[in-house]
Each structure stands twice: as C-alpha cells, then as structure tokens.
Amino acid sequence: MPRSTDRGPAWLVLPTYNEAENVEAFVAAAREKLPASAQVLIVDDNSPDGTGEIADRLAEEHEGVSVLHRPRKEGLGPAYVAGFRRALAGGAGLVLEMDSDFSHDPAYLPRLLEAAERADLVIGSRYVPGGGVSEWGALRQAISRGGSAYARLVLGVGVRDLTGGFKCFRREVLETIDLDTIQARGYAFQVEMTYRAIQRGFEVVEVPIVFRDRQAGSSKMDRSIVVEAVWRVPLLRFNGRPPQQGGAAPERGRYTF
Ligand SMILES: Nc1nc2c(ncn2[C@@H]2O[C@H](COP(=O)(O)OP(=O)(O)OP(=O)(O)O)[C@@H](O)[C@H]2O)c(=O)[nH]1
Ligand SMILES: [Mg+2]
C-alpha cells in the first residue's frame, strides 16, 4: 500500500558506547546518504572514552545533529527507547536505527528509506537473498543465525533476520508499540520490537544488507546479551496484548522479501 509522503522528516537514532574512534566519521558518512531534512540523534550512555564530547561538538557544528546524554550504560534497548521518544517528540515521520561502528553500511540508508514508502517497518536483513555477513568467525555466525532461527520458531513469524539492528520504523509503529513496556536490553530488544510490530498487524519488509565486522573500537556484546535473548524471546509470545485482540495474528502479518 503506498504511504503518504507528507510526513515529517527521517530521524536516525545512533546509540553509542565508547565509539570515540567511529562516531565522527560515521555521522559524516550517514549524513551524506540521508536527505537534507533528516536529523541524526546520538544517544550516548556517558561513554568513558569521550564519545559524548565528540558528539556535542558535532551537534554544535551541524544543525541536523543532536545528542541525548544518558547517565549510565543500560544496554541498547533503553538507549533506543529514549532515542525513539526524542525523535517522536521532534516530529519524526520515519525513525531509523543502526549501529554506529560501520557494521551497518550507511550506503544502504537510501534503500531502507525507499522501502519505507511501501512498508511500516523495514529491516536491513542479513538472511534474505543478497544479504550476508562478512568477516565473522564460525561461532559468531552460528550464534546470530541460530538466534534468528530460534526466535522465528518460538514466535512463529516469517521474518528472517529478527536480531539485526538496522531498521526503519514508520512513526505510527513506534506510537502504537507501548514503548513503556519494552523490557529487553540486548539483541532481544530487536526481536521484541519486530514481534510487536507484527502483532499489531504492521507490514514488515526485509531488504538485503551485508553486515561487516566493526573496523575500530571494541564490541559490547557479551554472554549476558545472548542469555537474555534465549529466555526472553519465549516470554514475548505470552506478554503484552495477545495478537487476536485487535491486532493481526502473527501468521497473518505480511512479509515481503
Ligand atoms: N547508548 C548505548 N549504546 C550502546 C550500548 N551497547 C552498545 N551500544 C552501541 O550499539 C551499537 C551496537 O553495539 P556493538 O558493541 O557494536 O555490539 P554488537 O554489534 O552486538 O557487537 P560487534 O559486532 O562486536 O560490534 C554500537 O553503536 C554501540 O556503541 C549501550 O548500553 N548504550
Ligand atoms: Mg557492532
């Protein structure tokens, strides 16, 4: 279904924790690919390496860049929820999320925005034809692929890449999902957001992306993030509003690959 084009600007929400080596180059690369009207919101959790100060300077230098400082590291989920709220309050029509470590290539941004003309939630997907992962060892690939397959099976949905974090939400999706009740912090957050969108009958589209390992800085992934996904994903099925009451059943959600 074609969507109205007279909505507000796109906002790109970028969570950062110790990304001093990446944030400036990443913001520049992203802004190059975004429309001039777009806003970039950096959400920094008081990074000890000075990322927040660099972000403040970028916000001073560029009108389309702003920073949300949070007092402590609480994981990706709470950082994104805070960023989504700020974007909605700022009048965003589309809200993009992506990692700020160059794993998600800004070159794909136009493709996600274009797909958002015809979908409610666009996922940059590693696990559809044309997508993939480069430079990952066998263990990391197995965790990621296994995690997506596990979540698909447990939740009974058709989306291939449930754990990825390169997405574009139409404003209405974030307004409809009750952000107050999102509890997941790590990869489970990505699963929870997509599942809730499907539960409420929104159309989800996956567009292929190739994910690259970060080139600089260090990973924040740890065992607890994987463990959280294992126990929290089954709970998603039972928590919150059941799909039958008001929203489309998950199996009725439309997916386009
Ligand atoms: N604000 C905020 N950002 C975070 C937090 N944890 C991770 N991030 C950011 O979220 C993005 C993804 O985190 P990564 O450390 O790259 O984790 P990952 O992508 O799972 O792991 P790698 O593939 O090893 O890089 C990066 O931009 C991080 O800086 C957090 O607790 N708060
Ligand atoms: Mg990363």
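Let's start with the shell around ligand 1. Twenty residues is the count there: of these 20, Glu 19, Asp 45, Ser 100, Asp 101 and Ser 219 come nearest. A residue belongs here if one of its heavy atoms lies within 4 Å of the ligand. Keep in mind that this is a predicted model, where local features need pLDDT of at least 70 and side-chain atom pairs count only at pLDDT 80 or more, while totals for chains, interfaces and linings use all residues. Residues are numbered from 1 along each chain as its sequence is written, chains are lettered from A and ligands numbered from 1 in written order, and side-chain values use heavy atoms, with hydrogens and water left out.

What is the make-up of the shell around ligand 1 by class? Seven residues are nonpolar, four polar and nine charged. On the classes: Ala, Val, Leu, Ile, Met, Phe, Trp, Tyr, Cys and Pro count as nonpolar; Asp, Glu, Lys and Arg as charged; the others, Gly among them, as polar. Strand 1 (10-16) and helix 3 (76-89) each give the shell at least two residues. Helices are DSSP runs of H or I with at least four residues, strands are runs of E with at least two, and numbering goes from the N terminus.

Now the polar contacts, meaning pairs of N or O atoms within 3.5 Å. The side chain of Glu 19 has an N or O atom 2.6 Å from an oxygen of ligand 1. For Asp 101, a polar side-chain atom lies 2.7 Å from a ligand oxygen. For Arg 140, the distance is 3.2 Å. How much of ligand 1 does the protein cover?

Next, the pocket. Ligand 1 sits in the largest one, which means that more than half of its atoms lie within 2 Å of the pocket's grid points. A pocket is an open set of points on a 1 Å grid over the protein atoms alone, where a 1.4 Å probe fits, with protein on both sides within 12 Å along at least five of seven lines; lining residues have an atom within 4 Å of a point. The largest pocket holds about 1,000 Å³ of space, counted as the space filled by probe spheres set on the points. Its lining has 48 residues, and Leu 76, Tyr 187, Lys 220, Met 221 and Ile 225 lie nearest the centre.

Note on methods. Polar contact = N/O pair within 3.5 Å; in protein donor to acceptor, adjacent residues only side chain to side chain.
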